[in-house]
Amino acid sequence: MSSVVGRLVRVLGVLGVVLALLLPMQANAAPPVTGAIGDRWQQVRSMIGEPLEPEFCGLVQGGCAQRFERGSIYRTERTGAREIRGAIRDIWGANGWERGISGYPTSGEFCGLRDRGCGQRFQNGNIYFHPRYGTYRVFGAIFDGWSRIGWENSTIGYPAAGEACGLRGGGCFQRFANGFMYWSPASGSYAVTGRILDHWAANGWETGRYGYPTSNESCRTEGGVRICDQNYQRGRITWRSDRGIVTPAAPATVAAAATTRPSAGGRVDCSVQRCVALTYDDGPGVHTNRLLDTLGRNDAKATFFLVGDRVPANAATVRRMRDMGMEIGNHSRSHPNLTGYGSGTIRSQLAETQNRIRTASGVTPTVVRPPYGARNSTVDSVAREQGLSVIMWSVDTWDWRDRNASTVTNRVLGQAKPGSIILMHDIHSTTVDAAPAIVSGLKARGYELVTVSELLGGTQPGRVYTAR
Ligand code: ZN
């Protein structure tokens, strides 16, 4: 045994000598840092550490770069040598490094922005880091529009998501801490926020009655009343501190819609046209996107009463509902019978769901359907306090009991009348299977398929509706 131990000690001793010889060689072989990158490195060495490899060139725009322990320095003739590190480097790298739409950094990271944010400038837009909202790029036309209102100091604040495109007319949007930027080639790049945003969203966003914003909101005070206006492609939305939202006169809107896009039909007026509202409860679920596909193909709108507990894991589906002009309603957080609880529990069930939907999509619902349709005066008054109208139904398909697509279809087509609110559940595949026949059958009978808010043409918080 002792001879084995002795041999081990000797081997370790030799290894130690070899290591002792190698380590100084490694230190001597530290990659050189020279030229413009070397000059910049002298200023930021404590931040990004020692070089990991020599400078490499041949990047786009004749760029070169060098990697360090805690970041990199990139240089081009035009942008100079700029360090990049941390969360901003991660986002930049994930989006294609210098070949991405941002291009090369044109500044170092700057901190001390409003509310502890940091940013960095690039050739085409900036990247911002905020401890609460995350790290996101803002670039192109949306960056230009956001710059004009004061960047992170504007009413909408920091970016809270990446830009998303593919909206109607080639449009894009980006969510910010307190609102959105919307851009399309025809309408320009503008912010939407606050009560005007809520109203615009409730009317179908850019695919709805108003279309895209064509100005930022402008506010003034007249005789102690605060008044804000914002122009849209098909009308102006005004908010007054004394009266709330003041919508444009209906005839003017219909006329404007008729002249701008005759085939789209403009706004549906359910006081004149035959309208029904399809409503789907208990989702989002695994079949919801298939239902949205059907509705989208047929240009049909519906209202989804969402269970708050299902929202975070299905946030993309909730955003898709929003983008398609569907109405999003509140169906409580965990689907209890609310009449068995006091106002505190009811309040948290509804408020948490409002928050989750708002976090997922930026939408603040204005309609609630209590689980099982179970309501009493406490439920109604908590709903009123949270700005929610209580939406019941006039046609019950019993789709949760009769899991048969043609039974459900026949009940809808047999019982629908102008002004009906139809109750279904998109968590059942048979209900989703029934959607194509329901939509085509209703359209064949001359119905417009609209959201609950469109059907009712304006609702009051706390009031109970079963049909138009
Ligand atoms: Zn339900």
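**Exercise 1.** Find the element that holds Ser348, and decide whether Ser348 is buried, partly exposed or exposed.

*Solution.* Step 1: Ser348 sits in helix H9; helices (H or I, at least four residues) and strands (E, at least two) are DSSP runs, numbered from the N terminus. This is a predicted model, in which local features need pLDDT of at least 70 and side-chain atom pairs count only at pLDDT 80 or more, while totals for chains, interfaces and linings use all residues. Residues are numbered from 1 along each chain as its sequence is written, and side-chain values use heavy atoms, with hydrogens and water left out.
Step 1: buried means under 20% relative accessible area, exposed over 50%, and partly exposed in between (1.4 Å probe, protein chains only). Ser348 has a relative accessible area of 31%, so Ser348 is partly exposed.
Step 2: now look across to Val382, which is 34 residues from Ser348 in sequence and 9.8 Å away in space, C-alpha to C-alpha.

**Exercise 2.** Which residues of helix H10 (residues 377-385) are buried, and what covers them?

*Solution.* Step 1: the buried residues of H10 are Val379, Asp380, Val382 and Ala383. They lie on the same side of H10 because they cover an arc of only 165° around the axis; the arc is that of the directions from the helix axis to the C-beta atoms.
Step 1: their cover includes helix H9 (343-361), strand S20 (367-368), strand S21 (389-391) and strand S25 (464-465), where contact means heavy atoms within 4.5 Å.
Step 2: check both ends. At the N-terminal end, Asn376 caps H10 with a side-chain oxygen 3.0 Å from the backbone nitrogen of Thr378. (A polar contact is a pair of N or O atoms within 3.5 Å; within protein, one must be able to donate a hydrogen and the other to accept it, and residues adjacent in sequence count only if both atoms are side-chain atoms.) After H10 comes Gly387, with a positive phi near 75°.

**Exercise 3.** Name the protein donors of the zinc ion and give their spacing along the chain.

*Solution.* Step 1: donors are N, O and S atoms within 2.8 Å of the metal (3.2 Å for Na, K and Ca); water is not among the atoms, so sites may look incomplete.
Step 1: the protein donors are Asp282 (OD), His331 (NE2) and His335 (NE2), lying 2.1 Å from the zinc ion.
Step 2: along the chain, the donors follow the spacing D-x48-H-x3-H.
Step 3: His331 is buried, at 2% relative accessible area, and His335 counts as buried at 19%.

**Exercise 4.** Where is Ser189, and what does its side chain reach?

*Solution.* Step 1: Ser189 belongs to strand S12 (residues 188-193) and is buried, with a relative accessible area of 4%.
Step 1: its side chain reaches the backbone oxygen of Ala141 at 2.8 Å.
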